[in-house]
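Thanks for asking me to look this one over. Have the structure open while you read, and take the points in order.

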Amino acid sequence: MKYILIGQKNVGKSSIFNRILENKINIVNPIKGSTRDWIEQKKIYKDKIIYLIDTPGINPLSGKLYDKKILLYIKDKITEDITILFVVEVKNYENEIDDEILRFVRKFNKNIVLIINKTDNKKLELNAYSFSKFGIKETFCISCSHNLGIDMLISHLFNRSKIFLNTNDEIIKD
């Protein structure tokens with residue numbers, strides 16, 4: 001199974017990428033827009049394989065050339081057999097950029113998993129219910145900085161994968 005992390009700048013896509021892969025592959029920085037490269041990595045867990053793509057933050061409302069190029073790249077990647085991991089920040093539940101990103105990704109008719117990041121405590125977990133307006137059934141509240149909800153997310157991603165590694169280390173698609 002292939003997954004692509006999509007969301008606006010500074011919502012924690014690279015942190016999630018690093019947590020799932022259990023490695024600091026991508027740079028994490030509090031400065032918005034610090035992820036400039038798209039990185040794809042393979043992860044094996046209990047004889048199952050997933051492929052994970054980290055992307056720079058997007059803003060479909062921006063008229064900047066760089067932002068438009070990122071959207072074009074993502075369009076190319078979404079045409080593959082892929083599941084979208086739509087990442088939002090719990091404190092931004094009334095954000096028009098997130099609304100527009102969701103409109104953008106829904107056009108591709110792909111499975112969408114909502115990841116509500118930076119849900120560091122019970123109060124913020126209550127704020128996460130505001131995202132039910134998106135109508136996405138597969139939703140996970142996580143906190144990368146506190147390592148909350150990550151194990152459940154990883155289990156979910158691997159449970160959905162139909163790519164296996166057999167005893168001869170050959171990749172088999174179910």
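Here are some notes on a strand, a helix, a loop residue and some aromatic rings.

1. One thing to keep in mind from the start: this is a predicted model.

2. Let's begin with strand β1 (2-6). Five of its five residues are buried, so the rest of the structure largely encloses this strand. Both of its faces are covered: Lys 2, Ile 4 and Ile 6 sit on one side, with Tyr 3 and Leu 5 on the other.

3. What does β1 pair with? Strand β3 (residues 48-54) runs parallel to β1 and is joined to it by four bridges, and Tyr 3 has Leu 52 as its bridge partner in β3. There is also a parallel pairing between β1 and β4, again over four bridges. Here Ile 4 is partnered with Ile 84 of β4.

4. Next, have a look at helix α3 (residues 96-106), where Ile 97, Asp 98, Ile 101, Leu 102, Phe 104 and Val 105 are buried. Viewed down the helix axis, these buried residues fall within an arc of 160°, so they line one face of α3. The background is simple: an α-helix has 3.6 residues a turn, so residues three or four places apart point the same way. What do the buried residues of α3 pack against? Their neighbours are β1, α2 (65-78), β4 (83-89) and β5.

5. Thr 119 is in the loop between β5 (112-117) and α4 (122-127). Is Thr 119 buried or exposed? With a relative accessible area of 4%, Thr 119 counts as buried. A polar atom of its side chain lies 3.0 Å from the backbone oxygen of Ile 116. Leaving aside residues up to four places away in sequence, Thr 119 touches several others, including Val 90, Cys 141 and Leu 148.

6. Finally, the rings: the model has four aromatic pairs. Tyr 45 and Phe 158 make a tilted pair, 5.0 Å centre to centre with 50° between the planes. That pair links distant parts of the chain, with Tyr 45 in strand β2 (residues 39-45) and Phe 158 in helix α5 (residues 150-160), 113 residues apart. Tyr 45 is partly exposed at 32% relative accessibility, whereas Phe 158 is buried at 3%. The rings of Phe 104 and Phe 108 have centres 5.4 Å apart and planes at 80°, so that pair is edge-to-face. Ring pairs also tie Phe 86, Phe 131 and Phe 134 into a cluster.

Definitions and conventions. Residues numbered from 1 in each chain as written. Predicted model: local features only at pLDDT ≥ 70, side-chain atom pairs only at ≥ 80, totals over all residues. Heavy atoms only, no water. Helix = DSSP H or I, 4+ residues; strand = E, 2+ residues; numbered from the N terminus. Buried < 20%, exposed > 50% of the residue type's maximum accessible area, 1.4 Å probe, protein only. Polar contact = N/O pair within 3.5 Å; in protein donor to acceptor, adjacent residues only side chain to side chain. Contact = heavy atoms within 4.5 Å. Arc of directions from axis to C-beta. Pairing = 2+ DSSP bridges. Phe/Tyr/Trp six-rings, centres within 6.5 Å; stacked < 30°, edge-to-face > 60°.
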